Amino acid sequence: MKFVAELGHAAFAATDVEASLAFYAALGIHEAFRLNHEDGALMLIYLHIAGDRFLEIFPGGSRADPAPEGSFKHLCLLTENLYETVASLRDTGISIDCEPSRGFTTNLQAWIKDPDGNVIELMELNPGSLQWRAGRGNVIEKAALPDDA
Amino acid sequence: MSLIADLGHAAFAVKDVDTSLAFYENLGIREAFRLNHEDGSLMLIYLHIAGDRFIEIFPGGPEPEEGRKGSFMHLCLLSEDIRATVETLREAGVSIDREVTEGLDTNLQAWIKDPDGNAIELMQLSPDSPQRRIARGEAVR
């Protein structure tokens with residue numbers, strides 16, 4: 001088994017979500033589904049690129065930053081067995097910032113950092129999850145979102 | 001034809017190339033090929049993930065410092081017809097920072113920015129490029 005099966009997504013904090021959606025729509029990259037906080041406020045939007053590859057757009061980019069260098073948040077790499085990957089990484093001395101846990105989109109995730117401090121999410125897609133279904137051509141209806149979304 | 005065919009790569013500037021190579025090696029992500037400047041010094045290293053997808057690491061990243069959030073450089077999106085993609089984007093009002101040119105790796109590239117200033121590279125892979133050869137499972141020296 002290859003530890004990392006695929007590039008999953010890159011995540012950005014958008015200063016203006018609508019501007020970012022319009023920008024990516026101009027590139028032919030469209031919204032697949034969105035996830036909300038419990039209070040109904042937007043958590044993030046998934047834009048589908050191809051296969052299991054997405055962009056994540058989070059609201060709340062740092063408008064106040066006088067010299068913003070971008071709004072990159074993290075890179076996500078997909079694995080087919082997260083527990084094995086994490087155990088192997090731990091054996092090689094890599095610090096696991098967040099142990100494997102199931103996110104509310106039902107996928108398993110864990111978090112590490114690269115040597116330069118870039119945040120890397122490791123994810124094992126759960127068959128049937130929103131990402132898994134969107135990556136296989138399914139339209140995600142609002143009713144299909146998690147109860148707490 | 002879709003304007004964007006796939007995610008191509010994410011690029012990071014690294015402080016220590018060997019440390020970063022070892023880090024990705026632990027993830028099972030290995031060096032595919034390197035590109036050098038004309039004087040022979042390292043320009044960047046391509047690490048292969050899957051298919052046409054890579055991570056690029058560039059030497060000369062910033063020193064670690066408190067509060068620095070990382071060393072992300074750019075995200076690359078693949079197009080099957082970059083000139084058509086660029087023309088469509090221009091008509092849609094997207095500013096083209098760098099027009100279509102052929103890179104060292106024989107691929108066509110153009111550059112834009114997203115609304116938050118993140119650099120986005122558009123790339124059309126050439127069949128003989130090292131990226132495509134790696135994706136086909138060929139050895140690239």
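This is a predicted model: local features need pLDDT of at least 70, side-chain atom pairs count only at pLDDT 80 or more; totals for chains, interfaces and linings use all residues.

The entries below follow the order in which I looked things up.

**Entry 1**

**Entry 1. The contact between the chains**

I began with the interface. I found 41 residues of chain A in contact with 44 residues of chain B. The two chains bury about 3300 Å² between them, and 66% of that area is on carbon and sulfur atoms. I then asked which residues of chain A lose the most area to chain B. They are Phe23(A), Leu27(A) and Asp116(A), which together account for 19% of what that side buries.

**Entry 2. The sheet of chain B**

I next traced the sheet in chain B. It is an open sheet of eight strands with mixed pairing, and I wrote down the order as S2-S3-S4-S1-S5-S8-S7-S6. Which strands of chain B stand at the edges? They are strand S2 (30-36) and S6; each has a single partner strand, so one side of each is left without a neighbour in the sheet. From one strand to the next, the twist averages 25 degrees.

Strand S5 (residues 72-78) of chain B runs parallel to S8(B), and the two are paired over five bridges. Opposite Leu77(B) stands Leu122(B) in S8(B).

Strand S2 (residues 30-36) and strand S3 (residues 42-50) of chain A are antiparallel, with six bridges between them. Within this pair, Asn36(A) is set opposite Leu42(A) in S3(A). S2(A) and S3(A) make a hairpin with five residues between them, and Gly40(A) in the turn has a positive phi of about 90 degrees.

S3(A) also pairs with strand S4 (residues 53-58) of chain A, through five bridges and in the antiparallel sense. Here Leu47(A) faces its opposite residue, Leu55(A), in S4(A). The hairpin of S3(A) and S4(A) has two residues between the strands, and Gly51(A) takes a positive phi near 50 degrees in that hairpin.

**Entry 3. Strand pairs around S8 in chain A**

I then looked up the partners of strand S8 (residues 119-124) of chain A. Strand S5 (residues 72-78) of chain A runs parallel to S8(A), and four bridges join them. Leu75(A) has Ile120(A) as its bridge partner in S8(A).

Strand S7 (residues 108-113) of chain A runs antiparallel to S8(A), and six bridges join this pair. Lys113(A) has Val119(A) as its bridge partner in S8(A). S7(A) and S8(A) form a hairpin with five residues between them. Which residue in that turn has a positive phi? I found Gly117(A), at about 85 degrees.

**Entry 4. Enclosed cavities**

The largest cavity has a volume of about 40 Å³. Its lining consists of Gly8(B), His9(B), Tyr46(B), Asp52(B), Phe54(B), Cys76(B), Leu78(B), Met123(B), Leu125(B) and Gln131(B). Strand S1 (6-13) and S5 of chain B each supply at least two of the lining residues. By class, I noted six nonpolar, three polar and one charged.

The second largest cavity has a volume of about 30 Å³. Its lining lies in chain A and is made up of Gly8(A), His9(A), Tyr46(A), Asp52(A), Phe54(A), Leu78(A), Met123(A), Leu125(A) and Gln131(A). These divide into five nonpolar, three polar and one charged.

**Entry 5. The second largest pocket**

The lining divides into eight nonpolar, four polar and four charged residues.

Note on methods. Residues are numbered from 1 along each chain as its sequence is written. Chains are lettered from A and ligands numbered from 1 in the order in which they are written. Side-chain values use heavy atoms; hydrogens and water are left out. Ala, Val, Leu, Ile, Met, Phe, Trp, Tyr, Cys and Pro count as nonpolar, Asp, Glu, Lys and Arg as charged, and the others, Gly among them, as polar. Two strands pair if DSSP finds at least two bridges between them. Axes are lines fitted to C-alpha atoms, for helices over the stretch in contact, and angles run from 0 to 180 degrees between N-to-C directions. Contact means heavy atoms within 4.5 Å. Buried area is the accessible area (1.4 Å probe) that two parts lose on being put together, summed over both. On a 1 Å grid over the protein atoms alone, a cavity is a set of points where a 1.4 Å probe fits but cannot get out, and a pocket is an open set with protein on both sides within 12 Å along at least five of seven lines; lining residues have an atom within 4 Å of a point. Grid points are joined across faces, edges and corners, and a volume is the space filled by probe spheres set on the points.
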